[in-house]
Amino acid sequence: MSSSQPLAERIGFRRHSVIPGFGLSFGITIFWLTLIILIPLAALVFRSAGIGFSGYINLLTDARTLNALRISFGCAFIAAIINVIFGVPVAWVLVRYKFPGKRVVDAIVDLPFALPTAVAGIALAALYAKNGWVGGTVNWLLGLVGLPGIKIAFSPIGIVVALTFIGLPFVVRTVQPVIEEIDREVEEAAATLGANRFQAIYRVILPSLFPAILTGFALAFARAAGEYGSVIFIAGNIPYVSEIAPLLIIIKLEEFNYEGATAIGTVMLAVAFIMLFVINLIQAWTRRYANVA
């Protein structure tokens, strides 16, 4: 690289483009991100600072708050794992196979995006209740084999069901474009070299999909951690059992405890940010490892 080039260009900060206007577009980007994201988050942190350090300690040691956070993030994590396990095969089928009704199935994947969350919560609660179609059928099948029935709706299991429902599109739509870019000749070459199907998936396909899978997991987890509308109708909202953190925030707002509500919000924000930051680090390491390999 020539030393006559500007410093910003040499360090990779600015690259020339056919379309001019880097300064203007970069300024608009920073302004818009500040206005839409940074200022509201700063206001949240500033308002929560009113409870002081001792207030934060009391909040973090409060049993009800800890249980609500544990249920929200625990169920979100489980739902994100489920969406990865089943979302990747869904994306694979939509990309690699042709079958009748494929467009309908592809549209159904996006249904949680368009469906109001409250409607989804009511429908899931009706289906998974003990006398619902799914809940009643599950308990009837368990009774046939001599097992006790389980309570799906109005329990943490129902929360996982709702969060899985709203998080599936994030995994499918993140992994789907990457699968489209994988050349089938790579799989054929692996088979020619003697790899069986499991080895081709494990050694050829999954390494290429791993960053996208992590991104889909992070998006599904972040979306599920703050979900309220679809969960509120199926959770049961029992303190210490099935009460989620967003509901606890609403309760504190109704009690005019704005500092407490924003403090819980900052805790959720911090945990989600740390989770996303760690996943981004893993993605960067994965890409660097792939480039070296």
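Student: Which residues of helix 7 are buried?

Tutor: This is a predicted model, and burial here requires a relative accessible area under 20%. By that criterion the buried residues in helix 7 include Ala120, Gly121, Leu124 and Ala125.

Student: Within what arc do the buried residues of helix 7 fall, seen down its axis?

Tutor: An α-helix has 3.6 residues a turn, so residues three or four places apart point the same way. The buried residues of helix 7 line one face of the helix, because the arc that holds them, seen down the axis, is 130°.

Student: How far apart are the end C-alpha atoms of helix 7?

Tutor: Helix 7 covers residues 117–128, and at 1.5 Å a residue its twelve residues should span 16 Å. The distance between its end C-alpha atoms agrees with that expectation, at 16 Å.

Student: What span does helix 11 have between its end C-alpha atoms, and at which residue does helix 11 bend?

Tutor: Helix 11 runs over residues 197–225, and a straight helix of 29 residues would span 42 Å at 1.5 Å a residue, whereas the end C-alpha atoms of helix 11 span only 36 Å. Helix 11 also bends by about 55°, with a proline, Pro207, following within four residues of the bend, which is at Leu206.

Student: Which element gives the most residues to the largest nonpolar core?

Tutor: The largest nonpolar core has 58 residues, and those with the most contacts inside it are Ile159, Leu163, Val175, Leu209 and Ile264. Among the elements that give two or more residues to this core are helix 7, helix 9 and helix 11. With 14 residues, the element that gives the most is helix 4.

Student: Leaving aside its neighbours within four places in sequence, with which residues is Val175 in contact?

Tutor: Contact here requires heavy atoms within 4.5 Å. Once the neighbours within four places in sequence are left aside, the contacts of Val175 are Val88, Ala91, Leu209, Ala212 and Ile213.

Student: Is Tyr240 buried, partly exposed or exposed?

Tutor: Tyr240 is found in the loop between helix 11 and helix 12, and its phi is positive, near 70°, in a residue other than glycine. Because its relative accessibility is 47%, Tyr240 counts as partly exposed.

Student: What is the relative accessible area of Phe256?

Tutor: Most residues other than glycine have a negative phi. Phe256, in the loop between helix 12 and helix 13, has a positive phi of about 60° although it is not a glycine. Phe256 is exposed, because its relative accessible area is 62%.

Note on methods. Residues numbered from 1 in each chain as written. Predicted model: local features only at pLDDT ≥ 70, side-chain atom pairs only at ≥ 80, totals over all residues. Heavy atoms only, no water. Expected span 1.5 Å × (residues − 1). Bend = angle between axes of the 7 residues up to and from the residue. Buried < 20%, exposed > 50% of the residue type's maximum accessible area, 1.4 Å probe, protein only. Arc of directions from axis to C-beta. Core = buried A, V, L, I, M, F, W, Y, C linked by side-chain atoms within 4.5 Å.
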